[in-house]
Amino acid sequence: MLILAPHPDDESIACSGVIQEALSKGAKVRVTFLTNGEHNEIAFIVYNKRITIKKNEFIRMGRVRRGEAIQAAKILGLQENDLFFLGYP
């Protein structure tokens with residue numbers, strides 16, 4: 001099964017039950033993230049407790065969200081090599 005997620009957390013919020021069910025039946029599951037979610041201003045405000053405007057901070061937040069996606073995938077039963085990050089802005 002291939003899950004296409006616009007950005008990290010969509011796969012967990014929308015598909016976690018489906019992922020776990022598929023894995024329990026022996027299916028191969030892969031998740032492709034179109035972006036790293038680095039342009040979500042609301043997430044920045046919640047995470048950093050302030051408005052973010054610098055380019056490097058956007059890149060850093062994308063790395064944070066990517067790391068969180070990897071951790072969430074492991075909780076769901078996926079391995080890091082089951083995840084693909086295309087890195088579109």
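Predicted model: local features only at pLDDT ≥ 70, side-chain atom pairs only at ≥ 80, totals over all residues.
The expected span of a helix is 1.5 Å times one less than its number of residues.

**Entry: helix α1**

I looked up α1 and found that this helix covers residues 10-24, which makes 15 residues. From its first C-alpha to its last, α1 reaches 21 Å, close to the 21 Å expected. I then checked for a bend and found one of about 70 degrees at Ser16.

Which residues of α1 are buried? I noted Glu11, Cys15, Ile19 and Ala22. I set a rule about helices beside this list: an α-helix has 3.6 residues a turn, so residues three or four places apart point the same way.

Just after α1 I came to Gly26, which takes a positive phi of about 90 degrees.

**Entry: salt bridges**

Next I looked for charged pairs. Side chains of opposite charge can pair when their charged atoms come close. How many salt bridges does the model have? I recorded 3, counting a pair when a side-chain nitrogen of Lys or Arg is within 4 Å of a carboxyl oxygen of Asp or Glu.

*Asp9 and Arg65.* The closest N and O atoms of this salt bridge are 3.4 Å apart. Asp9 sits in the loop between β1 (2-5) and α1, while Arg65 belongs to helix α3 (residues 55-76), so this pair ties together parts that are 56 residues apart in sequence. I also looked up how open each partner is. Asp9 is partly exposed, at a relative accessible area of 32%. Arg65 has 7% relative accessibility and counts as buried, because the cut-off for buried is under 20%.

*Glu21 and Lys25.* I found these side chains meeting in a salt bridge at 3.3 Å, N to O. For Glu21 I wrote down a relative accessible area of 43%, so this residue is partly exposed. Lys25 has 66% and is therefore exposed, the cut-off for that being over 50%.

*Asp82 and Arg30.* The side chains of Asp82 and Arg30 meet at 3.0 Å, N to O, in a salt bridge. Why does this pair tie together parts that are 52 residues apart in sequence? The reason is that Asp82 lies in the loop between α3 and β3 (83-88), whereas Arg30 lies in strand β2 (residues 30-35). Is Asp82 buried or exposed? I noted that Asp82 is buried, with 11% relative accessibility. Arg30 is partly exposed, and its relative accessible area is 29%.

Notes. Residues numbered from 1 in each chain as written. Heavy atoms only, no water. Helix = DSSP H or I, 4+ residues; strand = E, 2+ residues; numbered from the N terminus. Bend = angle between axes of the 7 residues up to and from the residue. Buried < 20%, exposed > 50% of the residue type's maximum accessible area, 1.4 Å probe, protein only.
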